[in-house]
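Biologist: I'd like to learn how to read a model like this one. Could you walk me through it?

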Amino acid sequence: METAEIKLNHIETKSVMTKSNTPLGGYSVNPYVGCPHACRYCYASFMKRFTGHTEPWGTFLDVKHWPAIKDAKKYAGQKIVIGTVTDGYNPLEETYENTRRLLEELKDSGGDIVICTKSDLVLRDLDLLKEVNEKCQLTVSWSVNTLDEEFRNDMDAAASIECRLSAMKKVYDAGIRTICFISPVFPGITDIEAIFERAKDQCDLIWLENLNLRGGFKADIMNYIAEKHPELVPLYDSIYNKKERSYFENLERKAREMAERNGCRFVDNETPYERVEKGHPTIVDYFYHEEVRGTQNSGQRRTNK
Ligand code: SF4
């Protein structure tokens, strides 16, 4: 996907720390509004409604300016997720360094910091990440839902899969906990076993999350499937129009079996904080995201399957 020309704004905000209702709980921290990575399935595109933006998602970026975080230690032990509705390491971070500034401000907080990205720009800050890791619990997560660069390129304007995996390895080798976030899992396209094999020696956690097509992007994705994968149209119709659950229920079962075969823990909606023996990442099941939202990573779902 080609990177669109980005309309840039600067905005003042009272605080960069926002209470979160994601499954992880704690705080969501987004140093920017908007995201040049422009993923076609981006759940964050709903942000436009709250920010007055009418431009297509992926074509604008607001650079936030916030008063310096005072008393960062009040976030000790709290989950702080950087990049829930933007990518803090989008290409404009190279110029504006908002995420770097944020990490400087939080590095002594003792927080439980998770950075979510699809970029290798994170390597620019490797020395800073090591410092953060000394006083905080730090985890860096890369989203990888395919090993096929062509499909990746159809879906986003972020770094290549190889760049993401190579950055993951460098951060892992630097002693920092990493996550391979297999998300969103596209039925019939995402091969979780192949991604597991590729990433298992360089991550502590594998997160699994299903593709959710409740957003305004549903028509676009359905059209894409019809054009590029017509053989999958009945499957997508059954899952996304008829609300059939068996595909993801089977996939959950296969993921659990894969975990058993590989000597990995398999957990539901929780993020244990151990480092694991190389090659045995803990697999965390976030399928049916809507059932775990706001559950504070408790290992519980809000409804029974
Ligand atoms: S990287 Fe994340 S926030 Fe950015 S467009 Fe993609 S899904 Fe949305």
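Biologist: What radius of gyration would a compact globule with 305 residues have, and what does the protein chain have?

Modeller: The rule is 2.2 Å times the number of residues to the power 0.38, with the radius taken over C-alpha atoms. For 305 residues that comes out near 19 Å, and the protein chain has 19 Å, so the two agree. Its C-alpha atoms fill a box of roughly 50 × 45 × 35 Å along the principal axes. Keep in mind that this is a predicted model: local features need pLDDT of at least 70, side-chain atom pairs count only at pLDDT 80 or more, and totals for chains, interfaces and linings use all residues. Residue numbers start from 1 along each chain as its sequence is written.

Biologist: How many helices and strands does the protein chain have?

Modeller: Both are DSSP runs numbered from the N terminus: helices are H or I with at least four residues, strands E with at least two. Here you get 10 helices and 12 strands.

Biologist: At what angle do α8 and α9 pack?

Modeller: Axes are lines fitted to C-alpha atoms, for helices over the stretch in contact, and angles between N-to-C directions run from 0 to 180 degrees. Helix α8 (residues 218-228) and helix α9 (residues 233-240) pack at about 155 degrees, their axes 9 Å apart. So α8 is roughly antiparallel to α9 (that label needs an angle over 145 degrees).

Biologist: Which residues of α8 and α9 make the contact?

Modeller: Contact means C-beta atoms, placed from the backbone, within 7 Å. From α8 come K218, M222, I225 and A226, and from α9 V233, Y236 and Y240.

How values were computed
Parallel < 35°, antiparallel > 145°, perpendicular 65-115°, else oblique. Contact = placed C-beta atoms within 7 Å.
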